[in-house]
Amino acid sequence: MLDCLNEVLQLTKKLVSIPSIVNTSGEKDIATAIHHQLSSLPYFIANPNHLVMAPTADDEVERYNITAFVKGTKRLSDKTVILMGHMDTVGIDDFAQFKDLACRPAELSKAYSAEKLPANVEQHLNSGEWLFGRGVLDMKSGLASHLYLLQYYAEHPEALAGNLLLVAECDEEDSSHGILSALKILKRWKETYRFNYVAAINADFVSPRYEGDENRYIYKGSVGKLLPSFFITGQETHVGSCFEGFDPNFLAAELTREINYNPLLIDKAYGETPAPPVSLKQTDLKPSYTVQTALSSFVYYNFLIHSWSPKEVLEKLRHHAEIAFKRALDTFTERYLAYCQLSSETYRPVPWTVRVFTYEEFQELLVEQNGETYLKHMKEFTADLLADSTLDLRMYSARVVEEAWKFMQDKSPAMILFYSSLYSPRVEVTGKNEQEEQLIEALEKAIAKVQPHYPNPIVTRNFFPYISDMSFVAMSDDEAGSQAAILNNPAWGTKHYVNYQDIRDINVPVICIGPYGLDAHKKHERTETAYSCQIVPNLINEVVRDILK
């Protein structure tokens, strides 16, 4: 066992002291600090090409990744293990009056000691065994473990067989520009140095799965995330004649009722169950108040996957959208009939039918109907739309679909289903090939060796339950699955692009051995120092040594 608690703890505090909130200049500051620290080591002075501080590609923000590697001399080998971890954090507004102390753990703890705190927070604060502050858990203590190990082997390359490579990436908390840019360097180094990437270890945080859970989890693979979205059109009318039209908000509400929390849309796999889909936004697209019903609505949902591909998710959501559409029409008809009976007005049959299109189908139909005129207009429209800095990726996508709808010949109510954000691919590590078998075996041996030194059970599970950059070093989808994410994304090729081939070219089995703590992304964010700064680096080290032996 490496006696590393104090060194990793001090590294953690140093990293935390550098505010590195995503999409701010702090991301550049922390990359600069890490680069300065590593470049001062004799190993990197002698091997400057083994350390790179590189800007992200096609990014609106100036920020950098740090990539570095140590070639072991114990036995020359092409085997290479990647250590990965992000440098950025979420914001600090949740710290309220303690905002200025969010990145100063000692002062923050002192301030908290004068506050009335929840019982478990107060207990942890008084124990002296927990570190508080923004990023201590997510995930600067994990990154500190990686830095410690890289520095250790930079000073003792004779103890390392094979190669150890660090990727400290930015922008994990937003759009993953960091890891997607770092893939280019990983591919170049793979070719230049003939690296054989055999495993990747992320050090993102882990937390209890339920109240009273005493386990410390290690995850093999990761959950995937999609953002399925719907552009919904109705039939506008004056509110005084509401049954002459069809409110798209009514359709959107019925759709959310069908999708939200629906157990039929939970992708349970290998005995593990992700959270069900839930709406993250629901709005109409009226720019201002009028007494006309809305022309269209926009809604999107968080959707977590373990085994389904983007193509399968589209197929399932189309089915449920059709159910919601029919139910909305049935309810509308029922209420219209009741209104006619009350008012003695003449009932006229409802003219609308269920219409749900994927964006890919929608595009094909518009090209068929309008040809080059449509394509030329949309090219010019999206070029102008890119200049609107107020639009995030989601709203940009909605505006593209809204504009395309103007070319639809049949403008009766419809739902257009598409993806409006980054797809984080699911990753399975189940032992399906030799590399995965070796990684799983090395992990099991590491836990068996380290467990006697720690009182709580160290337990493995199959899917890291939070979105992370693990999704961008391996892919479990086939070509058809990833193509569905591409062809059904209105922003693809303009405001959004991911080279999935880069991921396939790396395609290394990845696990997460990360710090343990509570309240990530909250004001009482804290990490247990004994596990995070002593057990975690030793677990990672044991896996690395076994994989490279």
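A residue counts as exposed when its relative accessible area is over 50%, and as buried when that area is under 20%. The model described here is predicted. In this model S344 reaches 67% relative accessibility, so it counts as exposed. S344 sits in the loop that joins helix 9 (310-343) to strand 12 (356-358). Its phi is positive, at about 65 degrees, although S344 is not a glycine.

H521 also has a positive phi without being a glycine; the angle is about 70 degrees. The loop between strand 17 (517-518) and strand 18 (526-528) holds this residue. H521 has a relative accessibility of 38% and therefore counts as partly exposed. A further backbone feature is the peptide bond from D138 to M139, which is cis, with omega near -15 degrees. M139 belongs to helix 6 (residues 136-155).

T237 provides a buried site within a loop. The loop in question runs between strand 9 (228-233) and helix 8 (248-259). T237 has 9% relative accessibility, so it counts as buried. A polar atom of the T237 side chain lies 2.9 Å from the backbone oxygen of S241. Beyond its neighbours within four places in sequence, T237 is in contact with C242, E244 and G245, and also with V291, Q292 and T293.

The largest pocket holds about 1400 Å³ of space. It is lined by 49 residues, and D174, S175, S176, H177 and L422 are the closest to its centre. Helix 7 (177-192), strand 11 (296-305) and helix 11 (393-405) are the elements that each give two or more residues to this lining. Helix 7 gives the most, with five residues. By class, the lining of the largest pocket comprises 18 nonpolar, 15 polar and 16 charged residues.

The second largest pocket contains about 420 Å³ of space. Its lining has 22 residues, with F231, L295, S296, E402 and W405 nearest the centre. Two or more residues come from each of strand 9 and helix 11. Here helix 11 gives the most, with four residues. The lining of the second largest pocket divides into seven nonpolar, eight polar and seven charged residues.

The model has two cavities of 30 Å³ or more. The largest cavity has about 40 Å³ of space. Its lining consists of L11, K14, L15, I18, A33, I34, Q37 and L147. Six of the lining residues are nonpolar, one is polar and one is charged.

The second largest cavity has a volume of about 30 Å³. Y419, S421, Y423, A485, N489, W492, H496 and Y500 form its lining. Five of these residues are nonpolar and three are polar. The lining of the second largest cavity has no charged residue, whereas that of the largest cavity has one.

Methods:
Residues are numbered from 1 along each chain as its sequence is written. This is a predicted model: local features need pLDDT of at least 70, side-chain atom pairs count only at pLDDT 80 or more; totals for chains, interfaces and linings use all residues. Side-chain values use heavy atoms; hydrogens and water are left out. Buried means under 20% relative accessible area, exposed over 50%, partly exposed in between (1.4 Å probe, protein chains only). A polar contact is a pair of N or O atoms within 3.5 Å; within protein, one must be able to donate a hydrogen and the other to accept it, and residues adjacent in sequence count only if both atoms are side-chain atoms. Contact means heavy atoms within 4.5 Å. On a 1 Å grid over the protein atoms alone, a cavity is a set of points where a 1.4 Å probe fits but cannot get out, and a pocket is an open set with protein on both sides within 12 Å along at least five of seven lines; lining residues have an atom within 4 Å of a point. Grid points are joined across faces, edges and corners, and a volume is the space filled by probe spheres set on the points. Ala, Val, Leu, Ile, Met, Phe, Trp, Tyr, Cys and Pro count as nonpolar, Asp, Glu, Lys and Arg as charged, and the others, Gly among them, as polar.
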